[in-house]
Amino acid sequence: MEFTAWEFWILITRWIMYLGMAAAVGGAASLHLMRIHEELKKPLVRYTLLFLLVGITAALAHFFVRVGASLEEGVTGMFEPDMVSMMWESAVGDALMTRILGFSLFIVTILIHVFVRRYRPAEGAKLNVLEVLMACIAIGLIAFSFTEAGHAVEQPFLFQLVLSVHILLTAWWMGSLYPLWLICHRLQYNDAHQVLERFGQLAVFVVAVLFSGGLFLSYELTGWNNLFTDTYGNLLLTKLAFVGAIVMLAAFHKLYLVPQLLHSRDAAGLKKSIFLEKIIGAGIFGITTVMTTLVGPVH
């Protein structure tokens, strides 16, 4: 598959946007999951804020690259006022606005979390519910923005709802991989084992929902026809193979590497496995980017 220069940058900016969203969601969830471990708080806050900024930057870059691709007049065409205005009033602009609102609210939520606990620790407990509510709204807006453009626009509400949940859970799983890798470096083996056990219990439920949602979404888009004869179907099967690989790797973590951690007192194998899982996850996002940007399903 060959790409033009504009298509390449459309893919890159959207792929980075996926990574930013995933890291932000996974980082925020890990802040909650690992909240009793103070030594992890600063790196997790930095991780979450950094990728929130990456996500919002990539979202803006993606919009202007789409403008430039429409005109094909070089870099200056990305900022042509009339075309920017037209794109802003389209579904692409609606998606960008929702995305910016979500990322911005998410940044404010994390900053409130940091400020209150640093300068007014006595009030921290009172803000827990508010922080969770703000984070959920922010994450919901980011996920919903992916239903406002592309293949999902003309789909019914149920499809868009399932897609939003699917995106959120995928983001949580992929974005939690760095925090899991981090605890292998920063926590004692007993503490690391407890956190990994809790994550594994959550992951069983998440994988079941992701699998069910993925089947529903793929059937609604393709009817499971032409899977071997058209590009979208081939990409879908390739993505399924990557997902199968990462699920098997996650199962290996839960059933073997995590229980072994208490006995061997050696996290080297787990660190390498999580790193491999991150690479596979990046590949899944890459395939998804091509499927949602350049290749349409054939019914």
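Trp-9 lies in helix α1, which spans residues 5-33 (helices being DSSP runs of H or I with at least four residues, numbered from the N terminus). The model is predicted, so that local features need pLDDT of at least 70 and side-chain atom pairs count only at pLDDT 80 or more, while totals for chains, interfaces and linings use all residues. Residues are numbered from 1 along each chain as its sequence is written, and side-chain values use heavy atoms, with hydrogens and water left out.

**Surface**
- Trp-9 is partly exposed, with a relative accessible area of 46% (buried means under 20%, exposed over 50%, partly exposed in between, with a 1.4 Å probe and protein chains only).

**Nonpolar cores**
- Within the largest nonpolar core, which has 79 residues, Met-21, Met-34, Phe-106, Trp-173 and Ile-183 touch the most other members (a core being a set of buried Ala, Val, Leu, Ile, Met, Phe, Trp, Tyr and Cys residues joined through side-chain atoms within 4.5 Å).
- Helix α1 supplies the largest share of this core, 10 residues.
- Another core of 5 residues lies apart from it, and includes Trp-6, Ile-10, Val-65 and Met-78.
- Phe-106 is in contact with Ala-24, Val-25, Ala-28, Leu-52, Ala-138, Ile-139 and Ile-142, leaving aside neighbours within four places in sequence (contact means heavy atoms within 4.5 Å).

**Thr-289**
- Thr-289 is found in helix α10, residues 268-293, and is buried, with a relative accessible area of 1%.
- A polar atom of the Thr-289 side chain lies 2.7 Å from the backbone oxygen of Phe-285.
- Not counting residues up to four places away in sequence, Thr-289 touches Leu-11, Arg-14, Trp-15, Tyr-18 and Leu-294.

Definitions and conventions
Helix = DSSP H or I, 4+ residues; strand = E, 2+ residues; numbered from the N terminus. Polar contact = N/O pair within 3.5 Å; in protein donor to acceptor, adjacent residues only side chain to side chain.
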